[in-house]
Amino acid sequence: MRRLTPYLLALPGWMWLAIFLVVPMAAMASVSLQTGNAIDGFAMTFSFSNYGDALSTYSTQLLRSLLYGGLATVAMLLIGYPVAYWIAFRGGRRKSMYLFLLLLPFFVSFVLRTISWNFLLADNGILFGTLKDWGLLPEGFHVLATTFAVVGGLTYNFLPFMILPIYVALERVDPRVVEAAQDLYATRAAAFRRVVLPLSLPGVFAGVLMTFVPATADPVNAQILGGTSNTMIGNIIQTEYLTNLDYPTASALSFTLMAILLVGIFVYAKALGTENVLEAAAR
Amino acid sequence: MRTRGRLGDRLLHAYTWLIIAWLSSPIAVMILFGFNDKQSKSNTTWQGFTLRWYAELFDVSDLTVALRNSLVIALVSTVITVVIGTMLGLALGRHRFRGSGATNFLVFAAISTPELVMGASLLSLFVSGNVPRDANTIIVAHVLFSLSFVVVTVRARVVGLDPSLEEAARDLGASAWGTFRQVTLPSILPGVLAGAMLSFALSIDDYVVTSFVNGSTVTFPLWIVGAVKTGIPPQVNVMGTLIFGIGVLIAIANAVAARRRA
């Protein structure tokens with residue numbers, strides 16, 4: 001009986017993951033090779049050309065998603081690293097207060113936050129409308145429906161996921177190591193570049209992982225802030241599944257997106273060890 | 001040298017506050033426009049202070065239904081997630097068993113799968129199996145994406161737990177269940193509660209996965225996105241403000257309680 005305990009404990013959770021994570025992937029792989037339509041039904045024809053067709057039609061949106069996800073990730077790294085650094089080394093007894101303030105947006109729904117930006121940045125809204133009335137901005141000035149709005153929205157929405165893992169890595173750096181470097185006549189810049197930065201890299205890796213994947217696959221920011229010319233792959237997949245009911249094309253696109261992202265993730269996870277990634281993800 | 005360091009620190013301090021202000025600005029706008037005494041259809045310019053939307057909070061009937069759906073779904077999926085997630089976290093944290101490596105991998109895969117792919121693949125399964133989409137399929141999906149977070153937080157507590165405590169309880173004649181209830185559970189409880197709060201928050205917030213598996217059931221985030229084109233009623237701001245307020249209060253109470261324990 002005691003030897004069975006771990007299996008019995010693990011069984012329900014394991015089955016949930018197997019039935020609703022693994023089996024659906026197989027179902028999606030199968031649907032992506034079928035042909036047919038929503039009315040007459042779909043049949044398995046091993047139609048690998050679904051992938052070619054889907055990719056040639058939507059390569060722009062796929063590449064755009066990777067580009068926007070990448071741009072947002074770089075922006076988050078540049079914006080977030082100094083914040084994580086300051087809190088870790090100079091936050092003192094108020095560290096948890098600063099972290100709490102950074103997490104404040106998570107108490108508001110993701111879509112509501114994004115809609116709030118749509119509202120703030122509206123062409124004649126409270127911000128730009130007022131500035132235009134004062135003559136400080138030209139009438140035609142707008143931010144919504146631009147690349148900047150979408151990348152900015154992604155950067156805004158996922159920034160805390162970049163800051164936290166970097167903070168965790170920096171917080172573990174012993175200040176005496178930095179002092180030792182300075183005692184050995186390293187300048188502040190050199191001490192940072194040769195001691196602090198390398199020690200924080202696991203946090204940077206985890207942060208990139210936790211932001212690039214959701215940012216690239218996010219349909220919400222493009223839908224609410226991007227207008228019609230900034231459609232990302234997430235919007236296409238949603239439309240194909242839910243409006244056009246073209247399940248094979250939608251599945252082929254989802255599968256391709258997942259393959260691209262998973263290859264990226266596992267290259268990272270190998271470099272780090274999955275336990276570390278999980279640890280960072282759990283915080 | 002020293003003064004430059006201090007100046008740099010000051011600049012970084014100001015910069016940190018600037019980022020906090022940036023992150024909080026849409027929340028401030030959301031709260032403020034819940035008090036806007038708007039006369040026209042659109043809620044875009046400030047027209048004076050009112051508490052009207054708080055009094056008429058439940059006057060938009062499909063919005064109220066959507067919020068109620070979200071709360072019920074969050075509650076049910078949290079209960080399921082916490083029970084099976086705690087069990088799995090105990091198994092993985094305490095025991096080495098055949099398949100534990102593969103299970104750890106599944107837990108990791110569930111965290112790292114993009115929401116979009118998770119929703120799309122679940123819909124593929126439901127379409128292939130002719131499963132009608134409703135609140136039940138939403139609950140299935142929400143348990144799936146919350147499960148790993150409970151497993152990870154519980155597992156971390158279990159790993160940090162001294163096994164000799166449980167052995168001592170056994171030596172003193174406690175049954176397996178008694179040991180679990182009186183020794184193991186109290187020590188992993190903070191992890192379980194953290195996981196529960198996280199599950200609830202993830203569930204009530206989710207738009208992407210839900211949009212694939214909802215059928216004709218509408219949740220709070222889905223309703224809001226659907227209403228963007230026609231204009232968001234101020235009641236949404238009020239509900240967002242109340243959820244925000246309750247969440248912050250719980251977090252602060254939690255932090256105070258943790259400090260008192262320490």
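How far apart do the end C-alpha atoms of residues 67-254 of chain B lie, and what percentage of the span is helix and what percentage strand?

## The annotated span of chain B

In this predicted model, the end C-alpha atoms of residues 67-254 of chain B are 25 Å apart, and the span is 82% helix and 0% strand. An unreviewed UniProt entry assigns to these residues of chain B the feature "domain: ABC transmembrane type-1".

## Contact between chains A and B

Across the two chains, 67 residues of chain A are in contact with 65 residues of chain B. On the side of chain A that touches chain B, the largest share is contributed by helix α1 (residues 5-31) of chain A, with 17 residues. Sorted by class, that side of chain A has 55 nonpolar residues, together with nine polar and three charged ones.

## Helices α6 and α8 of chain B

Within chain B, the axes of helix α6 (residues 135-159) and helix α8 (residues 176-205) come within 8 Å and cross at roughly 160°. Because angles over 145 degrees count as roughly antiparallel, α6(B) is roughly antiparallel to α8(B). The crossing of these two helices, α6(B) and α8(B), is right-handed.

The residues that make this contact include His142(B), Phe145(B), Phe149(B) and Arg157(B) of α6(B), and, from α8(B), Pro190(B), Gly191(B), Gly195(B) and Leu198(B) among them. By class, the contact of α6(B) with α8(B) has 12 nonpolar and eight polar residues, with one charged residue.

Methods:
Residues are numbered from 1 along each chain as its sequence is written. Chains are lettered from A and ligands numbered from 1 in the order in which they are written. This is a predicted model: local features need pLDDT of at least 70, side-chain atom pairs count only at pLDDT 80 or more; totals for chains, interfaces and linings use all residues. UniProt positions are given in the numbering used here, feature names are shortened, and annotations may be inferred rather than shown by experiment. Helices (H or I, at least four residues) and strands (E, at least two) are DSSP runs, numbered from the N terminus. Two residues are in contact if their C-beta atoms, placed from the backbone, lie within 7 Å. Ala, Val, Leu, Ile, Met, Phe, Trp, Tyr, Cys and Pro count as nonpolar, Asp, Glu, Lys and Arg as charged, and the others, Gly among them, as polar. Axes are lines fitted to C-alpha atoms, for helices over the stretch in contact, and angles run from 0 to 180 degrees between N-to-C directions. Angles under 35 degrees count as roughly parallel, over 145 as roughly antiparallel, 65 to 115 as roughly perpendicular and the rest as oblique. A crossing is left-handed if the near helix is turned anticlockwise from the far one by less than a right angle, and right-handed if clockwise.
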